[in-house]
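Here is a quick briefing to read alongside the coordinates. Keep the viewer open as you go through the topics below.

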Amino acid sequence: MASSQKLRIYIQEVSVRDGFQIEPVFVPTEQKIALINALGRTGLAKIEVTSFTSPKAIPALADAEAVMHRIDRVPGVQYAALVPNLRGCERALACGVDEINVVVSASESHNLANLRMTPEQSLVQISGIVKQTAGKAFLNASLSTAFGCPFEGDIPQSRVMEMVGRFVGMGIHGVSLCDTTGMANPRQVYEVCRAVKERWPALTLTAHFHNTRGMGLANALAASQAGIDRFDASLGGLGGCPFAPGASGNVCTEDMVHMFNAMGYDTGVDLGGLIELSKTLPGLVGHDVPGQVVKAGPSTRRYPVPDRQQAAASNSTCG
Ligand code: COA
Ligand code: ZN
């Protein structure tokens, strides 16, 4: 990559939705708002603020209206919300969201566990949502379990193509390919993303990876090589679907920004600002978070050089 051609990567923050939805503690509304306001000032392209789901299904996000109404909207940042059905869409539109993100799984069993509907029933809801949303908000569809399902295993590429084709046929503007439980590998990601990109070059495509098996950043890199320039990521690496066994966090935002910045991409994101916010997460959720750059510091960080006597005295062995 020539340095004169800085390629743009759009980072879309999901910690306050995908992250908080699986936390057993309820993060108080004021603290959610303060975090979203601070995130909005770091240069992120989009923030998925909350979800308008049943509060019985996702109690952690039961304050969706209060949060959506009271956050500061930083110009240039898109404020999105996840919705599972028509009722959720009505609630989100009433709060003036910039983007409605509908969700449906590639696999039947995950859709039943997550939304208590078959994928076909979800698609009926989504076609109503397309009509309801027309001209009022950007419409994105998240395809969960696109790279593998914890109940059913492999998801064939043909199934992904079929579902994306259904979304495009309905007039949906953007699609997120979601690896809900970190089952994707980089080769598969490259092949699936390349196929979708070639078939629908004008579609706004996002890659959404979870780091459940340690392949999250490798998958993001493979997706970028396939031409994807939009990535969901979660501060501190929080995240996970409460209705998928073994779910764990998304790719960590500051780790992803660190990687793409270090490679010379333009993410537009203030890494130092993100790291400072990531440090506040354990205080909000009550446990350590998996992000790595927040612990090690950016690779540009330099430590004082130890003097010879000190080094000899420590007599350490390094691997
Ligand atoms: N917002 C608020 N309440 C909603 C709602 C919405 N979008 N959709 C349904 N409800 C309420 C109903 O009014 C009903 O309330 P009641 O029990 O007080 O009468 C209750 O939820 C159940 O409604 P029903 O239509 O029977 O839904 P369900 O029980 O079959 O659940 C969903 C379907 C989609 C509402 C539910 O599974 C859900 O919210 N899932 C969210 C999944 C999610 O966010 N997963 C993580 C992200 S991928
Ligand atoms: Zn997710």
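What share of the contacts in the chain with a separation of 6 or more comes from residues 24 or more positions apart? In this predicted model, such pairs account for 74% of those contacts.

**Overall form**
- The chain is built with 14 helices and eight strands.
- Its radius of gyration is 20 Å, close to the 20 Å from the globule rule for 319 residues, so the chain is as compact as a globular protein of that length.

**Burial and the core**
- Of the 319 residues in the chain, 54% are buried.
- In soluble globular proteins, nonpolar side chains tend to be buried together.
- Here, the largest nonpolar core holds 88 residues, and Ile-100, Leu-177 and Phe-231 have the most contacts inside it.
- Helix 2, covering residues 29-40, gives the most to this core, with five residues.

**A look at Phe-231**
- Leaving aside residues up to four places away in sequence, Phe-231 touches several aromatic residues, among them Tyr-10, Phe-209 and Phe-260.
- Other residues that Phe-231 touches include Ile-9, Ile-11, Ala-220, Ala-223 and Met-256.
- Gln-12, Thr-206 and Ser-224 are also among the residues in contact with Phe-231.

Conventions. Residues numbered from 1 in each chain as written. Chains lettered and ligands numbered in written order. Predicted model: local features only at pLDDT ≥ 70, side-chain atom pairs only at ≥ 80, totals over all residues. Heavy atoms only, no water. Core = buried A, V, L, I, M, F, W, Y, C linked by side-chain atoms within 4.5 Å. Buried < 20%, exposed > 50% of the residue type's maximum accessible area, 1.4 Å probe, protein only. Helix = DSSP H or I, 4+ residues; strand = E, 2+ residues; numbered from the N terminus. Contact = heavy atoms within 4.5 Å. Rg over C-alpha atoms; globule rule 2.2 N^0.38 Å.
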